[in-house]
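Please look through the structure shown here with its helices and strands in mind, and follow the explanation below from one part of the chain to the next.

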Amino acid sequence: MSKSISIFDTTLRDGTQGEGVSLSADDKLKIAKKLDDLGVQYIEGGIPGSNSKDIEFFKRVQQLGLSAKITAFGSTRRKDSQADQDANLKRILESGAQAATLVGKSWDFHVHTALQTTLEENLAMIYDSIAYLKQQGLEVIFDAEHFFDGYKNNPDYAVSVLKKAHEAGADWLVMCDTNGGTLPHEIGGIVTTLRTGLPQANFGIHTHNDCELAVANTLSAVQAGARQVQGTINGYGERCGNANLCSIIPNLQLKLGYECIGEERLKQLTNTARYVSEIANVNMPVNQPYVGNAAFAHKGGIHVSAILRDSRTYEHIVPEWVGNKQRVLVSDLAGQSNIVSKAHEMGLDFDQTNEHSRKVIDKIKDLEHQGYTFEAADASLELLLREAGEDMKELFTFESFKMLVEKTAGRPVVSEAFVKLNVAGNNVYTAAEGNGPVNALDNALRKALVQYFPAIKEMHLSDYKVRVLDEKDATAAKVRVLIESRDINNSWNTVGVSGNVIEASWEALVDSMRYALLGQILQQDNDRGEESDEHRGLVNH
């Protein structure tokens with residue numbers, strides 16, 4: 001049996017049914033291009049004619065010249081009608097898609113309850129719809145909805161649905177665990193039985209994650225003979241989501257030896273997952289397997305000490321195989337190995353036996369005790385290590401800031417910030433308004449720096465989080481502020497801690513600006529061929 005697996009991505013259709021996921025036509029086109037670069041074989045774009053976004057997508061995607069087959073989704077003809085007169089099937093043909101996914105009922109309960117028709121008419125609907133699209137030259141993928149529930153309730157009828165679809169010419173018979181309630185051993189057993197009864201058919205699998213088993217169920221189906229895998233990037237989808245292709249693809253390719261997207265394209269997996277997350281404006285879980293920011297992160301000192309000797313001690317694969325990287329977290333749980341590893345990662349000469357280095361380690365641990373966290377603020381940690389190693393240019397000096405927050409009855413709050421800095425020996429005093437105090441500070445600081453560092457316009461704040469550290473102290477409690485910033489190519493995180501949320505925000509904000517400016521300066525040095533080896537770590541974050 002072939003070890004080649006066809007990857008069918010439905011992020012743009014099934015994925016958009018997930019809570020909080022909404023994609024414009026432009027978003028869909030960008031993601032489609034990224035999926036094509038990743039090497040998936042099918043990209044399901046949506047339901048032609050269902051909304052203006054999908055109409056625009058199918059019209060414009062033809063201009064991209066993608067290698068993947070663009071697939072349109074629809075259901076079988078309506079009951080007691082003719083396929084060649086069905087508006088849904090006509091829209092599929094008019095979409096210009098190279099393939100069609102037709103969903104049909106395979107659970108007798110659904111035929112009677114949802115369609116309110118006979119079992120015989122449902123079979124006719126499936127046959128007529130597939131045969132009509134095949135006559136028009138389309139590749140047809142039949143999605144047997146609720147297949148496993150249907151099989152467990154009435155196996156003879158569920159199998160008859162697949163046989164009828166195969167008889168009509170369907171290129172793929174895809175078994176759907178629509179409610180996500182089937183277990184892996186059930187999936188494997190049912191698929192094995194079906195392959196025996198329909199040896200000439202090409203089988204696929206489409207699972208949902210309601211029992212946290214979508215990936216496991218997909219792997220079970222593949223091992224039993226399914227050769228098309230349907231899923232979404234990051235597992236987006238209705239309710240608990242669809243099968244996560246970011247876990248399925250490396251599991252199939254690296255663990256089970258199947259051919260999915262090739263070795264080189266697999267290295268794009270992490271970048272693709274994070275790109276789709278950004279476009280969809282949905283935060284990725286840091287602990288997402290393979291592609292998450294913490295997938296290869298190490299915190300415990302014993303672990304770090306071991307991976308520095310051989311990464312296989314605590315990593316099941318080489319992170320770079322999926323485009324990810326190893327990370328060492330610095331925290332109050334960590335030993336010296338963590339900090340030394342981070343320093344080396346940044347290209348810094350850091351000798352842990354040196355008295356100065358030991359003082360840096362003690363300082364970091366003291367800051368952690370005060371409430372700082374450097375696990376999620378690598379940029380602040382890097383600045384701290386560079387300052388300690390006298391390996392950083394001081395680009396500007398903070399002198400003071402003032403805040404004015406005014407609320408007038410019947411009007412929105414007005415926030416204004418006044419910032420005083422010394423830049424290149426010059427005193428700079430600026431004022432700016434903002435949506436709130438932090439936005440006003442950001443605008444004022446940016447206004448002060450942009451005349452000296454024009455590239456600061458390329459960066460912006462992308463996330464802002466505040467956490468109360470000592471809840472028992474109520475309004476007098478310390479707070480920790482984490483700021484995520486990004487420019488065209490990179491993102492970085494900084495931290496500030498204070499009993500005053502504005503001061504904590506300012507601290508994180510200033511670190512963010514300093515880190516961005518240092519990175520840009522070092523990048524310019526690199527472009528001129530003048531970057532020293534010990535500076536290389538900063539630019540790549």
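This is a predicted model: local features need pLDDT of at least 70, side-chain atom pairs count only at pLDDT 80 or more; totals for chains, interfaces and linings use all residues.

The paragraphs that follow take up strand pairing, helix packing and the setting of one alanine.

Strand E2 itself, made up of residues 42–46, is mostly covered, since five of its five residues are buried.

Helix packing can be considered next. Two packed helices are described by the angle between their axes and by the distance between those axes. For helix H1 (residues 25–38) and helix H2 (residues 52–61), the axes come within 9 Å and cross at roughly 40 degrees. That angle makes H1 oblique to H2, because angles under 35 degrees would count as roughly parallel and those from 65 to 115 as roughly perpendicular. The crossing in which H1 passes H2 is right-handed. On the H1 side the contact is made by Ala25, Asp26, Lys28, Leu29 and Ala32, which meet Lys53, Asp54, Glu56, Phe57, Arg60 and Val61 on the H2 side. Sorted by class, the residues of this contact of H1 with H2 comprise five nonpolar and six charged ones, with no polar residue.

A further helix pair is formed by helix H9 (residues 214–224) and helix H10 (residues 245–255), whose axes come within 10 Å and cross at roughly 35 degrees. H9 passes H10 in a right-handed crossing. Here Val215, Thr218, Leu219 and Val222 of H9 meet Ser247, Ile248, Asn251 and Leu252 of H10. The residues of the contact of H9 with H10 divide into five nonpolar and three polar, and none of them is charged.

Alanine 131 is a residue of helix H5, which spans residues 119–135. Is alanine 131 buried or exposed? With a relative accessibility of 12%, alanine 131 counts as buried, because the cut-off for that class is under 20%. The C-alpha atom of alanine 131 is separated by 9.9 Å from that of histidine 166, although the two residues are 35 apart along the chain.

E11 is joined to strand E12 (residues 414–423) by 10 bridges, with the two strands running antiparallel. Phenylalanine 401 has valine 419 of E12 as its bridge partner.

Another open sheet is built from three strands in the order E14-E15-E16, again with antiparallel pairing. Which strands stand at the edges of this sheet? They are strand E14 (460–468) and strand E16 (491–498), and because each has a single partner strand, one side of each is left without a neighbour in the sheet. The twist in this sheet averages 15 degrees from one strand to the next.

Technical notes:
Residues are numbered from 1 along each chain as its sequence is written. Side-chain values use heavy atoms; hydrogens and water are left out. Axes are lines fitted to C-alpha atoms, for helices over the stretch in contact, and angles run from 0 to 180 degrees between N-to-C directions. Helices (H or I, at least four residues) and strands (E, at least two) are DSSP runs, numbered from the N terminus. Angles under 35 degrees count as roughly parallel, over 145 as roughly antiparallel, 65 to 115 as roughly perpendicular and the rest as oblique. A crossing is left-handed if the near helix is turned anticlockwise from the far one by less than a right angle, and right-handed if clockwise. Contact means heavy atoms within 4.5 Å. Ala, Val, Leu, Ile, Met, Phe, Trp, Tyr, Cys and Pro count as nonpolar, Asp, Glu, Lys and Arg as charged, and the others, Gly among them, as polar. Two strands pair if DSSP finds at least two bridges between them. Buried means under 20% relative accessible area, exposed over 50%, partly exposed in between (1.4 Å probe, protein chains only).
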